[in-house]
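Student: Could you help me see how labels for rings and helices are decided?
Tutor: Gladly, let's take them one by one.

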Amino acid sequence: MAGCAARVPPGSEARLSLATFLLGASVLALPLLTRAGLQGRTGLALYVAGLNALLLLLYRPPRYQIAIRACFLGFVFGCGVLLSFSQSSWSHFGWYVCSLSLFHYSEYLVTAVNNPKSLSLDSFLLNHSLEYTVAALSSWIEFTLENIFWPELKQITWLSTTGLLMVVFGECLRKAAMFTAGSNFNHVVQSEKSDTHTLVTSGVYAWFRHPSYVGWFYWSIGTQVMLCNPICGVVYALTVWRFFRDRTEEEEISLIHFFGEEYLEYKKRVPTGLPFIKGVKVEL
């Protein structure tokens, strides 16, 4: 997939993805069509079919592969906004849908702007891992079942608002880390040091050694607080903590290999930012 993205003219991926994301988000206009007499499900089916036909007409591979993903995420975001403003017990799920789609789209957009050399279709993180997919599906199932049998559990607005604030904080911190690191940021832990790889210790990296992980950590837990999912809330917290514990240790082994004493000094001064995670242990 990385090869497909490489054949797109450099610098055009960000513009292409943004245009098609906004195109997908135009589903926000669907209520206007229903008021004009078009039935909801019929209108939605026609809208989706029309979007795909338009993308097929405008783009050829590999641009279509980028466009269809960005448009899909924009469509999901727009549906989330509509759901958020609905007067139903699903409104907080709409917040979640907006947060999830925006997270995945912004991962691609920021990489396209900030580090285009590492850009690929994988930068959307839509195929992150089987475990990630199972975790997301589990949270949807829990929300649905609890919303059916205990709908009052999903109406704790102050708790959902707390989760939303956690999500916004995590998202902003992660994107700040990506922008600060620039071309040094990569979605894959690197085992070999490139010629342009430098140790970033300024900006948010002066607060935490792994600000992108800290952001994702609180973002992921915040999504479950937002949904008022007690089971997935606990499971997510334990799972992502273990994931980032292992991930930071793996990454710091490479960073020590790349930068030696410079990274060890940085490690002494700045915490990981993740609770109860100190990073790889170094025996002197």
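**Rings and helices**

Tutor: There are 19 aromatic pairs in the structure. This is a predicted model, where local features need pLDDT of at least 70, side-chain atom pairs count only at pLDDT 80 or more, and totals for chains, interfaces and linings use all residues. Residues are numbered from 1 along each chain as its sequence is written, and side-chain values use heavy atoms, with hydrogens and water left out.

Student: Why is the pair of tryptophan 90 and phenylalanine 93 called edge-to-face?

Tutor: Rings of Phe, Tyr and Trp (its six-membered ring) pair if their centres lie within 6.5 Å; planes under 30 degrees apart count as stacked, over 60 as edge-to-face and the rest as tilted. Here the centres are 5.5 Å apart and the planes are at 80°, so the pair is edge-to-face.

Student: What makes phenylalanine 93 count as buried?

Tutor: Buried means under 20% relative accessible area, exposed over 50%, and partly exposed in between (1.4 Å probe, protein chains only). Phenylalanine 93 has 12%, so it is buried. Tryptophan 90, at 29%, therefore counts as partly exposed.

Student: Why is H7 called roughly antiparallel to H10?

Tutor: Helices (H or I, at least four residues) and strands (E, at least two) are DSSP runs, numbered from the N terminus. Axes are lines fitted to C-alpha atoms, for helices over the stretch in contact (heavy atoms within 4.5 Å), and angles run from 0 to 180 degrees between N-to-C directions. Angles under 35 degrees count as roughly parallel, over 145 as roughly antiparallel, 65 to 115 as roughly perpendicular and the rest as oblique. H7 and helix H10 (residues 230-259) pack at about 160°, so H7 is roughly antiparallel to H10.
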